[in-house]
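Here's a walk through a few pieces of this fold, strand by strand and helix by helix. Have a look at the model first.

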Amino acid sequence: MMPKPGLFRLLILSSLLLTACETMRMPGDKGQPPLRNADYFLEAAKSSSGTRAALMRLSASELLLAENRNAEAVRVMENLRMAPLSEADQQKLYLMLAEAQLRVERPVEALNALSTLPRADRLSNKQQRERYALLSRAYAANFQPVEAAEALVQLQEYLNSVERLSNENAIWELLRGLNQETLTSGRLQSKDTELHGWLDLALLRVRHGTDPDQLPRVLLDWRQRYPEHPANRRLPEELSVALTAKRFDINRLAVMLPMTGRLAATGRMIRDGLMMAYYQDQHPEKPNEIVFYDSAIGDIGQTYQRAITEGADVVIGPLEREHVQKVAASPSILVPTLALNLVDPMQPPLSFYQFGLPVETEARQVATRALSNYRQVVIITNNDVLGDRANVTMQKWIERGKGVVLNNIRIHDEKQVEPLIEQALGVDASKRRARQLQQILGIEVVSQPRRRQDIEVILLAAKPSTARRIKPYLNFYFAQDIPVLATSYLYSGQPDPGRDADLNGIEFPEAPWLTESSDFLNEQRRQVKALWPTATTTQARYFALGHDAYQIAPELQRLQAFSDFSLSGLSGKLRMDRQGRIHRALPWARFRDGRVIGIGMMENPILEAELQEAEQREAEALKAQQAAEGEMLNPVEALPETLPPTPSDQETPQP
């Protein structure tokens with residue numbers, strides 16, 4: 001089972017706190033091994049009584065914790081609650097008991113132990129540090145983040161200046177991801193003024209974190225209300241960055257696209273989308289000049305430097321992956337640069353951003369939606385470049401989410417669709433069993449083949465012609481009741497109700513430009529079709545890419561500074577991660593009567609965040625392993641590219 005939202009972060013945080021604060025003294029510290037082990041004291045206690053026996057068991061408990069025999073330590077210490085110990089020894093007992101209870105994942109019992117500490121007001125400074133650190137860990141483990149933060153606020157007075165900085169970061173990490181209801185409730189229940197300041201700061205983030213214009217203003221108000229608050233002296237980094245993030249004033253916009261050669265049609269489509277956005281831009285500080293450079297001619301590095309030398313404030317492009325790699329490897333990115341393809345340099349240069357239409361984005365979205373409701377999956381894809389990339393991503397994402405891929409089918413020849421669908425559904429095995437039975441019995445056996453019954457959902461990444469063959473066979477082989485979630489690879493971008501009727505019921509994520517229906521979008525499409533007749537054809541996704549690239553360009557800095565800030569584009573809902581990569585969230589559509597009907601967003605941000613955390617951990621572990629082995633792989637080679645359609649792939653213009 002995946003951890004609950006934020007739990008992983010809280011647990012990590014708890015571990016950090018344990019490290020940050022001085023830990024409980026254990027025999028064996030300072031490199032001195034204990035003279036006797038826990039078993040010795042436990043055995044000796046049997047022949048003693050009263051306070052002497054209790055002290056022996058207390059010493060044994062300390063040693064059990066040092067030996068990580070936590071469950072035994074809990075049992076011994078629970079029996080010491082009523083033992084004749086001094087106040088100092090009882091305080092030691094309950095602190096150790098809370099530690100042991102946390103180690104065996106019993107935070108409620110840990111809180112109980114801490115609440116029964118005798119005369120907590122007479123604890124030493126060292127013990128107060130232990131007490132508040134334990135309290136925070138216990139509350140965090142018990143899904144009480146506000147109380148955990150309050151314990152850290154109380155811990156502050158026992159820390160030095162360096163430790164306080166780390167502690168303040170921990171407080172912010174506990175609060176920054178909470179929703180408005182939890183923060184408001186916590187504020188009402190607490191009387192701690194300093195905690196009020198932290199909670200109000202987190203509330204500002206929740207309420208205004210998507211509004212780069214408003215957040216700086218409300219932050220200034222907060223600073224005036226809390227002039228002595230620790231966060232006023234050192235704002236959390238993300239808020240400090242947000243205060244300085246500005247919209248770019250672009251006077252001269254340079255755009256590098258292939259205007260000649262095999263990708264000329266794609267380049268022109270992106271250009272048309274960009275120009276449409278420019279003509280619609282009503283901002284008073286829109287660019288005065290847009291200059292296009294043909295990236296298909298000459299050396300891309302020289303073209304890039306020429307654009308900068310000629311006065312570009314921002315550069316959009318290039319598109320070709322190898323060109324993006326070369327620009328990303330440039331020793332200096334002198335102006336903000338939005339590449340129209342994705343690579344993954346180990347250290348992305350400052351002011352370098354990436355935006356593309358990789359099939360992996362959709363494959364992850366499809367798998368995430370499947371994991372929201374199901375666990376047992378069959379994957380069916382074309383055995384081509386796009387299908388293979390989607391296949392690999394779906395498989396990894398499902399496994400990362402603790403799902404099970406029951407069958408993974410790659411279709412290399414459309415003539416093989418029927419037997420491969422039989423294989424995917426297990427119908428071939430059913431038929432084989434009937435034949436074997438017939439051979440054994442020596443008589444004709446009348447049987448009805450069955451599909452396997454454990455398939456909960458089918459994930460599909462196939463071009464239109466293949467998908468139109470697959471769905472009827474799924475229906476024929478008794479799988480008409482199994483949901484089918486697909487990438488947009490199966491949709492040509494052109495309405496074709498007659499042929500697409502075979503796809504009825506399939507749901508897939510798609511760019512709003514191709515699916516959403518509103519008076520505004522419909523009017524835009526009408527105008528665009530009059531100016532650029534090809535803008536609503538099979539390459540319409542590239543038109544949306546160009547349009548959105550223009551929208552993103554002046555907002556690059558604020559998108560990076562505001563993690564919750566997003567733009568609603570024609571290619572999807574757009575936001576940026578800390579590495580400068582634009583992520584698209586796509587609305588979903590369904591085939592009904594052969595037509596594509598928009599059904600809205602199907603986001604699961606909690607699950608998405610968990611899967612991304614898991615991916616990040618795996619990536620870091622892999623890099624650490626590679627570094628240890630001294631065999632650092634070229635990550636650019638390992639990452640998918642954004643491929644524009646080739647002339648032979650006109651039916652499937654998905655990048």
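Predicted model: local features only at pLDDT ≥ 70, side-chain atom pairs only at ≥ 80, totals over all residues.

## Around Q354

A339 sits opposite Q354 in β5. The two strands here, β4 (residues 337-339) and β5, run parallel and are joined by 3 bridges; strands count as paired if DSSP finds at least two bridges between them. Q354 itself belongs to β5, which covers residues 352-354. Strands are DSSP runs of E with at least two residues, helices are runs of H or I with at least four, and both are numbered from the N terminus.

Buried or exposed, what is Q354? Q354 counts as buried because its relative accessibility is 1%; the cut-offs are under 20% for buried, over 50% for exposed and partly exposed in between, with a 1.4 Å probe and protein chains only. A polar atom of the Q354 side chain lies 2.6 Å from the backbone nitrogen of V343.

Residues are numbered from 1 along each chain as its sequence is written, and side-chain values use heavy atoms, with hydrogens and water left out.

## The parallel sheet

Zooming out, β5 is part of an open sheet of 5 strands with parallel pairing, ordered β2-β1-β3-β4-β5. Its edge strands are β2 (289-294) and β5, each pairing on one side only. From one strand to the next, the twist averages 20 degrees.

Helix α15 (residues 264-280) packs on this sheet and touches β1 (252-257), β2 and β3 (314-316); contact means heavy atoms within 4.5 Å. The direction of α15 makes about 175 degrees with that of β2. Axes are lines fitted to C-alpha atoms, for helices over the stretch in contact, and angles run from 0 to 180 degrees between N-to-C directions.

## A helix pair

Next up are helix α16 (residues 300-309) and helix α17 (residues 321-328), which pack at about 60 degrees with their axes 9 Å apart. That makes α16 oblique to α17 (under 35 degrees is roughly parallel, over 145 roughly antiparallel, 65 to 115 roughly perpendicular, the rest oblique). On the α16 side I300, G301 and Y304 meet H323, K326 and V327 of α17.

## The antiparallel sheet

Another open sheet has 3 strands in the order β11-β12-β13, paired antiparallel. At the edges are β11 (567-568) and β13 (582-585), each pairing on one side only. β12 (residues 573-576) pairs with β13 over 4 bridges, and L574 has R584 in β13 as its bridge partner.

Terms used:
Polar contact = N/O pair within 3.5 Å; in protein donor to acceptor, adjacent residues only side chain to side chain.
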